[in-house]
Amino acid sequence: MKSVNEFIKAKVKGEKISTVTCYDFWSAKIINESDVDAILVVDSSAMVMHGFETTINAKVVMMCYHVDVVKRAATSKFIIADIPFLEHKKGIENLFQSVDKLLKAGANAIKLEGVDGNLDIIKELTQSGIPVMGHIGLTPQSINKIGGYIIQGKDDNFSEKIFNEALKLQSAGCFYIVLELIPSHLAKEISINLSIPTIGIGAGLETYGQVLVLHDLLGFNKDFNPKFV
Ligand SMILES: Nc1nc(=O)c2c([nH]1)NC[C@@H]1CN(c3ccc(C(=O)N[C@@H](CCC(=O)O)C(=O)O)cc3)CN21
Ligand SMILES: CC(C)C(=O)C(=O)O
Ligand SMILES: [Mg+2]
(Lines give C-alpha, C1' and ligand atoms only; values in the text may rest on other atoms or scores of the structure.)
(Ligands and ions follow the chains in the order given, each with its own letter.)
Protein backbone atom coordinates (compact mmCIF):
# COMPACT_ATOMS: atom_id res chain seq x y z
CA MET A 1 0.00 0.00 0.00
CA LYS A 2 1.26 3.49 -0.86
CA SER A 3 1.71 5.77 2.14
CA VAL A 4 0.99 9.49 2.41
CA ASN A 5 4.72 10.19 2.10
CA GLU A 6 4.95 8.08 -1.03
CA PHE A 7 2.17 10.11 -2.66
CA ILE A 8 4.05 13.32 -1.88
CA LYS A 9 7.37 11.81 -3.06
CA ALA A 10 5.70 10.68 -6.30
CA LYS A 11 4.67 14.29 -6.89
CA VAL A 12 8.23 15.52 -6.36
CA LYS A 13 9.52 12.91 -8.82
CA GLY A 14 6.81 13.88 -11.32
CA GLU A 15 5.18 10.44 -11.29
CA LYS A 16 1.48 10.22 -12.13
CA ILE A 17 -1.01 8.83 -9.62
CA SER A 18 -4.18 6.98 -10.59
CA THR A 19 -7.28 6.69 -8.48
CA VAL A 20 -10.87 5.59 -8.94
CA THR A 21 -13.97 5.60 -6.81
CA CYS A 22 -15.23 2.30 -5.48
CA TYR A 23 -18.18 1.44 -3.28
CA ASP A 24 -18.55 -2.35 -3.28
CA PHE A 25 -16.78 -5.67 -2.74
CA TRP A 26 -16.56 -7.08 -6.27
CA SER A 27 -15.12 -3.99 -7.93
CA ALA A 28 -12.75 -3.49 -4.98
CA LYS A 29 -11.45 -6.99 -5.63
CA ILE A 30 -10.70 -6.16 -9.26
CA ILE A 31 -9.12 -2.80 -8.37
CA ASN A 32 -7.01 -4.46 -5.68
CA GLU A 33 -5.36 -6.56 -8.40
CA SER A 34 -4.77 -3.51 -10.63
CA ASP A 35 -2.06 -0.81 -10.59
CA VAL A 36 -4.46 1.83 -9.31
CA ASP A 37 -2.73 3.70 -6.48
CA ALA A 38 -5.65 4.64 -4.26
CA ILE A 39 -9.39 4.20 -3.89
CA LEU A 40 -11.89 6.93 -3.12
CA VAL A 41 -14.95 5.68 -1.26
CA VAL A 42 -16.89 8.87 -1.71
CA ASP A 43 -20.30 10.46 -1.44
CA SER A 44 -21.18 10.13 -5.16
CA SER A 45 -22.18 6.64 -3.94
CA ALA A 46 -25.40 8.32 -2.75
CA MET A 47 -26.19 8.99 -6.42
CA VAL A 48 -24.53 6.06 -8.19
CA MET A 49 -25.37 3.27 -5.73
CA HIS A 50 -28.43 4.59 -3.91
CA GLY A 51 -30.23 6.60 -6.60
CA PHE A 52 -30.39 9.94 -4.80
CA GLU A 53 -30.41 13.10 -6.87
CA THR A 54 -27.39 14.74 -5.19
CA THR A 55 -24.56 13.86 -2.79
CA ILE A 56 -26.38 15.70 0.01
CA ASN A 57 -28.04 12.40 0.94
CA ALA A 58 -24.79 10.64 1.81
CA LYS A 59 -24.58 9.79 5.51
CA VAL A 60 -21.77 8.62 7.77
CA VAL A 61 -23.37 5.17 8.20
CA MET A 62 -23.64 4.84 4.41
CA MET A 63 -19.99 5.83 3.92
CA CYS A 64 -18.83 3.45 6.69
CA TYR A 65 -20.79 0.61 5.11
CA HIS A 66 -19.09 1.19 1.76
CA VAL A 67 -15.62 1.63 3.30
CA ASP A 68 -16.07 -1.59 5.24
CA VAL A 69 -16.99 -3.74 2.21
CA VAL A 70 -14.35 -2.12 -0.02
CA LYS A 71 -11.66 -2.65 2.63
CA ARG A 72 -12.51 -6.35 2.86
CA ALA A 73 -11.41 -6.80 -0.78
CA ALA A 74 -8.97 -3.93 -1.32
CA THR A 75 -6.58 -5.02 1.37
CA SER A 76 -3.54 -3.39 -0.24
CA LYS A 77 -4.91 -0.04 -1.40
CA PHE A 78 -4.93 3.33 0.33
CA ILE A 79 -8.58 4.28 0.97
CA ILE A 80 -9.89 7.84 1.17
CA ALA A 81 -13.44 8.45 2.45
CA ASP A 82 -15.63 11.53 1.97
CA ILE A 83 -16.94 13.49 4.94
CA PRO A 84 -20.68 13.73 4.19
CA PHE A 85 -22.51 17.05 3.80
CA LEU A 86 -22.49 19.23 6.97
CA GLU A 87 -20.87 16.55 9.14
CA HIS A 88 -18.08 18.99 10.08
CA LYS A 89 -20.60 21.74 10.92
CA LYS A 90 -22.19 19.88 13.81
CA GLY A 91 -19.37 20.53 16.24
CA ILE A 92 -15.82 19.24 16.33
CA GLU A 93 -16.74 16.39 18.68
CA ASN A 94 -19.35 15.09 16.25
CA LEU A 95 -16.83 15.36 13.42
CA PHE A 96 -14.21 13.40 15.35
CA GLN A 97 -16.81 10.71 16.17
CA SER A 98 -17.61 10.42 12.47
CA VAL A 99 -13.97 10.38 11.37
CA ASP A 100 -13.25 7.77 14.02
CA LYS A 101 -16.01 5.57 12.55
CA LEU A 102 -14.68 6.01 9.00
CA LEU A 103 -11.11 5.16 10.02
CA LYS A 104 -12.23 2.15 12.08
CA ALA A 105 -14.25 0.95 9.07
CA GLY A 106 -10.98 0.93 7.13
CA ALA A 107 -10.32 4.37 5.65
CA ASN A 108 -6.72 5.61 5.67
CA ALA A 109 -7.62 9.25 5.04
CA ILE A 110 -10.64 11.50 4.75
CA LYS A 111 -11.66 14.11 2.19
CA LEU A 112 -13.43 17.35 3.05
CA GLU A 113 -15.06 19.70 0.51
CA GLY A 114 -14.30 23.42 0.52
CA VAL A 115 -12.05 25.82 2.38
CA ASP A 116 -14.06 28.82 3.66
CA GLY A 117 -14.82 28.17 7.32
CA ASN A 118 -13.02 24.81 7.30
CA LEU A 119 -9.34 25.62 7.78
CA ASP A 120 -9.26 25.31 11.57
CA ILE A 121 -11.11 22.00 11.36
CA ILE A 122 -8.66 20.70 8.75
CA LYS A 123 -5.71 21.76 10.93
CA GLU A 124 -7.21 20.03 13.94
CA LEU A 125 -7.65 16.82 11.92
CA THR A 126 -4.16 16.84 10.40
CA GLN A 127 -2.61 17.63 13.81
CA SER A 128 -4.45 14.60 15.18
CA GLY A 129 -2.67 12.29 12.75
CA ILE A 130 -5.47 12.05 10.21
CA PRO A 131 -4.44 12.53 6.58
CA VAL A 132 -6.81 15.03 4.95
CA MET A 133 -7.45 15.38 1.23
CA GLY A 134 -8.74 18.81 0.23
CA HIS A 135 -11.39 19.30 -2.47
CA ILE A 136 -11.84 22.61 -4.34
CA GLY A 137 -13.32 23.91 -7.58
CA LEU A 138 -16.74 22.31 -8.00
CA THR A 139 -17.86 21.06 -4.61
CA PRO A 140 -20.99 19.01 -5.35
CA GLN A 141 -22.31 19.16 -1.76
CA SER A 142 -22.93 22.89 -2.44
CA ILE A 143 -25.06 22.16 -5.51
CA ASN A 144 -28.05 24.08 -4.11
CA LYS A 145 -25.90 27.18 -3.76
CA ILE A 146 -23.96 26.78 -7.03
CA GLY A 147 -27.07 25.93 -9.04
CA GLY A 148 -25.49 23.42 -11.41
CA TYR A 149 -22.47 21.21 -12.05
CA ILE A 150 -20.67 23.94 -13.98
CA ILE A 151 -17.02 24.73 -14.51
CA GLN A 152 -15.58 26.84 -11.66
CA GLY A 153 -12.90 29.54 -11.68
CA LYS A 154 -13.38 30.81 -15.22
CA ASP A 155 -12.96 34.52 -14.43
CA ASP A 156 -9.74 35.93 -12.93
CA ASN A 157 -11.14 36.77 -9.47
CA PHE A 158 -12.61 33.32 -9.02
CA SER A 159 -9.52 31.53 -10.33
CA GLU A 160 -7.34 33.54 -7.93
CA LYS A 161 -9.65 32.52 -5.08
CA ILE A 162 -9.26 28.84 -6.00
CA PHE A 163 -5.48 29.21 -6.32
CA ASN A 164 -5.31 30.77 -2.83
CA GLU A 165 -7.55 28.06 -1.43
CA ALA A 166 -5.05 25.44 -2.66
CA LEU A 167 -2.22 27.24 -0.84
CA LYS A 168 -4.30 27.45 2.34
CA LEU A 169 -5.08 23.73 2.21
CA GLN A 170 -1.40 22.93 1.81
CA SER A 171 -0.56 25.15 4.84
CA ALA A 172 -3.30 23.46 6.86
CA GLY A 173 -1.51 20.15 6.35
CA CYS A 174 -3.48 18.46 3.55
CA PHE A 175 -1.50 15.71 1.84
CA TYR A 176 -3.41 15.92 -1.42
CA ILE A 177 -5.97 18.13 -3.17
CA VAL A 178 -8.82 17.24 -5.54
CA LEU A 179 -9.39 19.85 -8.26
CA GLU A 180 -12.86 19.36 -9.68
CA LEU A 181 -14.17 20.96 -12.89
CA ILE A 182 -11.78 23.92 -13.25
CA PRO A 183 -9.94 25.17 -16.39
CA SER A 184 -6.83 23.13 -17.16
CA HIS A 185 -4.53 26.19 -17.11
CA LEU A 186 -5.63 26.91 -13.54
CA ALA A 187 -5.18 23.27 -12.52
CA LYS A 188 -1.68 23.36 -14.03
CA GLU A 189 -0.80 26.61 -12.22
CA ILE A 190 -1.94 25.15 -8.89
CA SER A 191 -0.21 21.81 -9.51
CA ILE A 192 3.22 23.30 -10.24
CA ASN A 193 3.07 25.74 -7.35
CA LEU A 194 2.27 23.21 -4.63
CA SER A 195 4.56 20.68 -3.00
CA ILE A 196 1.66 18.29 -2.40
CA PRO A 197 0.03 16.41 -5.28
CA THR A 198 -3.17 17.44 -7.04
CA ILE A 199 -5.71 15.06 -8.45
CA GLY A 200 -8.07 16.22 -11.15
CA ILE A 201 -11.60 15.41 -12.24
CA GLY A 202 -12.56 17.56 -15.20
CA ALA A 203 -9.46 19.68 -14.59
CA GLY A 204 -7.37 18.81 -17.65
CA LEU A 205 -4.30 16.63 -17.99
CA GLU A 206 -1.70 18.54 -16.00
CA THR A 207 -2.57 17.49 -12.48
CA TYR A 208 -0.45 14.77 -10.86
CA GLY A 209 -3.29 12.34 -10.74
CA GLN A 210 -6.73 11.74 -12.15
CA VAL A 211 -9.82 10.41 -10.47
CA LEU A 212 -13.02 9.20 -12.07
CA VAL A 213 -16.15 7.61 -10.74
CA LEU A 214 -15.63 3.92 -11.59
CA HIS A 215 -19.05 3.59 -13.21
CA ASP A 216 -18.31 6.55 -15.51
CA LEU A 217 -14.90 5.09 -16.38
CA LEU A 218 -16.48 1.77 -17.33
CA GLY A 219 -19.28 3.47 -19.28
CA PHE A 220 -22.06 2.05 -17.09
CA ASN A 221 -23.75 5.41 -16.82
CA LYS A 222 -25.30 6.08 -20.23
CA ASP A 223 -27.08 9.28 -19.10
CA PHE A 224 -23.92 10.88 -17.71
CA ASN A 225 -21.58 12.25 -20.36
CA PRO A 226 -19.50 15.20 -19.20
CA LYS A 227 -16.49 16.00 -21.43
CA PHE A 228 -13.93 14.72 -18.89
CA VAL A 229 -15.36 11.19 -18.86
N1 LIG B 1 -21.44 9.38 -11.64
C2 LIG B 1 -20.99 10.54 -11.17
N3 LIG B 1 -19.83 11.03 -11.64
C4 LIG B 1 -19.31 12.20 -11.19
O5 LIG B 1 -18.22 12.62 -11.66
C6 LIG B 1 -20.02 12.91 -10.18
C7 LIG B 1 -21.23 12.35 -9.70
N8 LIG B 1 -21.68 11.18 -10.21
N9 LIG B 1 -21.95 12.95 -8.72
C10 LIG B 1 -21.39 14.08 -8.02
C11 LIG B 1 -20.60 14.93 -8.91
C12 LIG B 1 -21.35 15.67 -9.97
N13 LIG B 1 -20.37 15.83 -11.01
C14 LIG B 1 -20.58 16.42 -12.26
C15 LIG B 1 -21.83 16.42 -12.83
C16 LIG B 1 -22.06 16.97 -14.08
C17 LIG B 1 -21.00 17.56 -14.77
C18 LIG B 1 -21.24 18.16 -16.13
O19 LIG B 1 -22.32 18.06 -16.66
N20 LIG B 1 -20.23 18.80 -16.73
C21 LIG B 1 -20.28 19.30 -18.12
C22 LIG B 1 -20.45 20.80 -18.18
C23 LIG B 1 -19.34 21.60 -17.53
C24 LIG B 1 -19.32 23.08 -17.94
O25 LIG B 1 -18.93 23.36 -19.08
O26 LIG B 1 -19.64 23.98 -17.12
C27 LIG B 1 -19.00 18.82 -18.83
O28 LIG B 1 -19.09 18.57 -20.04
O29 LIG B 1 -17.97 18.65 -18.17
C30 LIG B 1 -19.74 17.56 -14.20
C31 LIG B 1 -19.53 16.99 -12.95
C32 LIG B 1 -19.14 15.15 -10.65
N33 LIG B 1 -19.60 14.15 -9.69
C1 LIG C 1 -13.95 13.91 -6.37
C2 LIG C 1 -14.92 12.81 -6.49
C3 LIG C 1 -14.20 11.52 -6.71
C4 LIG C 1 -15.86 12.74 -5.33
O5 LIG C 1 -15.69 13.38 -4.31
C6 LIG C 1 -17.05 11.88 -5.43
O7 LIG C 1 -17.21 11.15 -6.45
O8 LIG C 1 -17.85 11.88 -4.49
MG1 LIG D 1 -17.55 13.54 -3.16
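Guide: What follows goes from the model itself to the annotated positions, then to the ligand shells and the core.

This is a predicted model, in which local features need pLDDT of at least 70 and side-chain atom pairs count only at pLDDT 80 or more, while totals for chains, interfaces and linings use all residues. Residues are numbered from 1 along each chain as its sequence is written, and chains are lettered from A and ligands numbered from 1 in the order in which they are written. The chain has a mean pLDDT of 97, with 100% of its residues at 70 or more (pLDDT is the predictor's confidence in each residue, from 0 to 100), and the model scores ipTM 0.97 and pTM 0.98.

UniProt, in an unreviewed entry, places a "binding site" feature at Asp43, Ser44, Asp82 and Lys111; UniProt positions are given in the numbering used here, feature names are shortened, and annotations may be inferred rather than shown by experiment. These positions are spread over 69 residues of sequence, yet they cluster in space, with a largest C-alpha distance of 12.7 Å. A "binding site" annotation, likewise from an unreviewed UniProt entry, covers Asp43, Asp82 and Glu113, and these cluster too, since their largest C-alpha distance is 10.8 Å although they span 71 residues of sequence.

Asp43 is found in the loop between strand 2 and helix 3, where helices (H or I, at least four residues) and strands (E, at least two) are DSSP runs, numbered from the N terminus. Asp43 counts as buried because it has 28 C-beta neighbours inside 10 Å; a residue is buried if 20 or more other C-beta atoms lie within 10 Å of its own, exposed if 12 or fewer, and partly exposed in between, with C-beta atoms placed from the backbone. Not counting residues up to four places away in sequence, Asp43 touches Thr55, Ala58, Met63, Asp82 and Pro84, contact meaning that the C-beta atoms of two residues, placed from the backbone, lie within 7 Å.

Ser44 belongs to the loop between strand 2 (38-41) and helix 3, and it is buried, with 21 other C-beta atoms within 10 Å. Once its neighbours within four places in sequence are left aside, Ser44 is in contact with Thr21, Thr55 and Val213.

Asp82 sits in strand 3 (residues 78-82) and is buried, because 30 other C-beta atoms lie within 10 Å. Leaving aside neighbours within four places in sequence, the contacts of Asp82 are Val42, Asp43, Ala58, Met63 and Lys111, so that two other annotated positions, Asp43 and Lys111, are among them. Glu113 lies in strand 4 (residues 109-113) and counts as buried, with 23 C-beta neighbours inside 10 Å; beyond four places in sequence, Glu113 touches His135, Thr139 and Gln141.

Turning to the ligands, the residues around ligand 2 include Asp43, Ser44 and Asp82, together with Thr21, Thr55 and Val213, where a residue is near a molecule if its C-beta atom, placed from the backbone, lies within 6 Å of it. By class, the shell around ligand 2 has 6 nonpolar, 3 polar and 3 charged residues (Ala, Val, Leu, Ile, Met, Phe, Trp, Tyr, Cys and Pro count as nonpolar, Asp, Glu, Lys and Arg as charged, and the others, Gly among them, as polar).

Around ligand 1 there are 18 residues, of which Tyr149, Ile150, Ile151, Val213 and Pro226 come nearest. Helix 3 (45-48) and helix 10 (214-217) are the elements that give two or more residues to this shell, which divides into 11 nonpolar, 5 polar and 2 charged residues.

As for the core, the largest nonpolar core has 66 residues, and Ile39 and Val41 touch the most other members; such a core is a set of buried Ala, Val, Leu, Ile, Met, Phe, Trp, Tyr and Cys residues joined through C-beta atoms within 7 Å. Helix 4 (residues 60-73) gives the most to this core, with 5 residues. Beyond its neighbours within four places in sequence, Ile39 has contacts that include Val20, Ile31, Val70 and Ile79.
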